[in-house]
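Please look through the model below with these notes beside you.

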Amino acid sequence: MHIPDGYLSPATCAAFYGASAPFWVTAGRRVRKVVRSRYVPLVAIGAAYCFIVMMFNVPIPDGTTAHAVGAVVVAVLLGPWAAVIAVSTALLIQAAFFGDGGVLAYGANCFNMAIVMPFVGYGVYRFLARRALLTSRRRAFAAGVGGYIGINAAALCAAVEFGLQPTLFHRADGTPLYAPFHLSQSVPAMLLAHLAVAGVVEFALTAGIVAYLQRANVPLLRINHRAAPGGGAGPGAPRRLGWRWGVIGLAVMAALTPLGLIAPGGAFGESAPKDLQLERYHLNAVPSGLRHYAGFWHHALFNGYDFGHDKHPTVGYLLSAAVGMAAIVTVVLAFVALARFIRSRRTPEDEQAEMRAAA
């Protein structure tokens, strides 16, 4: 689902940067107000979890691969605005450090996975889990369904973005300039991968994490569910978050990331221009716009989560997981430090105006 540079026109990329920007600004304001110092590690853990879980590629029956995203479980635990920050951070590190997803297409990728997915999934979760006890099985099931529907909504958005490119941007003879996939090709390919496989993985991970926390760490669940009945905790702020369990879990997941190399093939719509199956799309050459913009960002530290030109793919994956998590923690801490600095320079009148606007 990571759209590389070149598959979307510059106009499309600019439009999605514009569409995503208000969400980033609002998320920054919302998170700045609710993320106190003791919650900062949870945002970093959420972003790192999304980064790591996207490294686990799973095979699709048509020979491609797909992966979970983790956006909805972050939305369930910390709220959808925190998920916007967490997933956007993970996608930024993937694009800048590892060449996974384009820099020009970053706005579109964030729109799909950091905005559409958490908000749609969280909305489904809230609808299905309404009035349920915080520790009820229905709440864990609702979270899983939210994850399943959320990732498929994101996949559908990506499919439409791909599929409209040949219609909107083409030469006079109809030759596509960017992505060569029509809607009749992109929608079935993306939905097959996510309805049949990636969505099931997302369901299992999301429901499993919520079910585990219902038994082991209810105070963490209480952060975003202060008014939910049950759970053995009052409506006040939790006293013990126990976030260190997440660090251990991430370390285990990072050690297992080479399992993501087992699945053969690549994801639909993420092929390099030289690997594009031109005959499948009735083309004699790579579309000119795709060829031109595909190499826009060539400063990735470990392009394709690798170093040494595939001589040590397992070591490259492990090192990429460690570097990625460290970079994500750095970015989150820098964001929080900036938010605190901005807040410290605000006057009481500014604070009151912001509270009235939020109300």
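1. This is a predicted model.

2. The crossing of H2 past H4 is right-handed. On the H2 side the contact is made by Val43, Gly46, Ala47, Cys50 and Phe51. On the H4 side it involves Ala86, Val87, Thr89, Ala90, Ile93, Gln94 and Phe98. Sorted by type, the residues of this contact between H2 and H4 are nine nonpolar and three polar, with no charged ones.

3. For the chain as a whole, the count is twelve helices and two strands. Their order along the sequence is α-α-β-β-α-α-α-α-α-α-α-α-α-α.

4. How much of the protein chain counts as buried? The figure is 50% of its 359 residues. The chain exposes about 16300 Å², and 65% of that is supplied by carbon and sulfur atoms. Among contacts between residues at least 6 apart in sequence, 77% join residues at least 24 apart.

5. Asp306 sits in the loop between helix H10 (288-293) and helix H11 (313-344). Is Asp306 buried or exposed? Its relative accessibility is 12%, so Asp306 counts as buried, the cut-off being under 20%. With neighbours within four places in sequence left aside, Asp306 is in contact with His312, Pro313, Gly316 and Ser320.

Terms used: Residues are numbered from 1 along each chain as its sequence is written. This is a predicted model: local features need pLDDT of at least 70, side-chain atom pairs count only at pLDDT 80 or more; totals for chains, interfaces and linings use all residues. Side-chain values use heavy atoms; hydrogens and water are left out. A crossing is left-handed if the near helix is turned anticlockwise from the far one by less than a right angle, and right-handed if clockwise. Helices (H or I, at least four residues) and strands (E, at least two) are DSSP runs, numbered from the N terminus. Contact means heavy atoms within 4.5 Å. Ala, Val, Leu, Ile, Met, Phe, Trp, Tyr, Cys and Pro count as nonpolar, Asp, Glu, Lys and Arg as charged, and the others, Gly among them, as polar. Buried means under 20% relative accessible area, exposed over 50%, partly exposed in between (1.4 Å probe, protein chains only). Accessible areas come from the Shrake-Rupley method with a 1.4 Å probe; for residues, only the protein chains shown count as cover.
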